[in-house]
Amino acid sequence: MNLGPVLMQRLFSGVFLVALATAACTTPYQSTTGPANRPTAESPDYLIGPGDVLKVFVWQDPELSVTVPVRPDGRISIHLIQDMPAAQKTPTQLAADITKGLGAYVKSPVVTVIVTDFVGPYSQQVRVMGEAVKPKAIPYRENMSVLDVMIDVGGLTPFAAGDRAVIARRADGREEQIPVRLNSLLQDGDVSANVPMRPGDILIIPKSWF
């Protein structure tokens, strides 16, 4: 049966949109066993990074219980403790440090630290620069692809040269640049352009000159 070129194009567009929706609905921080996995905020091995938001709960002391962001310098400030290093620590390690610091003012404090919003340290991020709708850092998750990243940042701006994008990656002690065809992926539905991402990758999307 000859469906005609217009109907075939509509059918293809519908299938591609379903694929986008399916990728967007994938559970973002699912963790399973395996060497390729990265710790999530719920994992005891998760390392706090700049930009994370922490809930510091001090048992039976609501005045000392606060929600604070981790500053770009990797430190936090809470009641009675200023400029405490938080980056590159697990929540358990930071809770122990806060407990020790509060011990000078509070009798036997019991502290819990929960990461409520997180991007993680740079080694566990994928960063997007340039002509994305919402350039930002994204926590790496298992089996992440460049399509997942583009959904997260809202796609390309009208000025993007998507097929000249590159992934800057450090592997085996050297820097490499991997070409990415974002226009082909997002506009033409070329799934062969959907390359896998790795933690620490930087996706650079240049501006079109015409």
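Reader: Where is valine 53 found?

Author: In this predicted model, valine 53 sits in strand S1. Helices (H or I, at least four residues) and strands (E, at least two) are DSSP runs, numbered from the N terminus.

Reader: Which residues is valine 53 in contact with, leaving aside neighbours within four places in sequence?

Author: Thr67, Val68, Pro69, Ile114, Val115, Thr116 and Asp117. Contact means heavy atoms within 4.5 Å.

Reader: And how far is valine 53 from valine 119?

Author: The two are 66 residues apart in sequence and 9.1 Å apart in space, C-alpha to C-alpha.

Reader: Zooming out, what is the secondary structure of the protein?

Author: The protein has four helices and 10 strands. Along the sequence the pattern reads α-β-β-β-β-α-β-β-β-α-β-β-α-β.

Reader: Which residues touch the most other members of the largest nonpolar core?

Author: Leu54, Ile76, Leu94 and Ile98, in a core of 23 residues. A nonpolar core is a set of buried Ala, Val, Leu, Ile, Met, Phe, Trp, Tyr and Cys residues joined through side-chain atoms within 4.5 Å.

Reader: Which element gives the most to this core?

Author: Helix H2 does, with four residues.

Reader: What does leucine 94 contact, leaving aside neighbours within four places?

Author: Leucine 94 is in contact with Ile48, Leu54, Ile76, Met84, Pro85, Ala86, Lys89 and Val113. Apart from this core lies another, of 22 residues, including Val126, Tyr140, Met144 and Val146.

Reader: How much of the protein is buried?

Author: Buried residues are 39% of the 210 residues.

Reader: Switching to contacts: what share join residues at least 24 apart?

Author: Among contacts between residues at least 6 apart in sequence, 53% do.

Reader: Last one: where is tryptophan 59 found?

Author: Tryptophan 59 lies in the loop between S1 and S2.

Terms used. Residues numbered from 1 in each chain as written. Predicted model: local features only at pLDDT ≥ 70, side-chain atom pairs only at ≥ 80, totals over all residues. Heavy atoms only, no water. Buried < 20%, exposed > 50% of the residue type's maximum accessible area, 1.4 Å probe, protein only.
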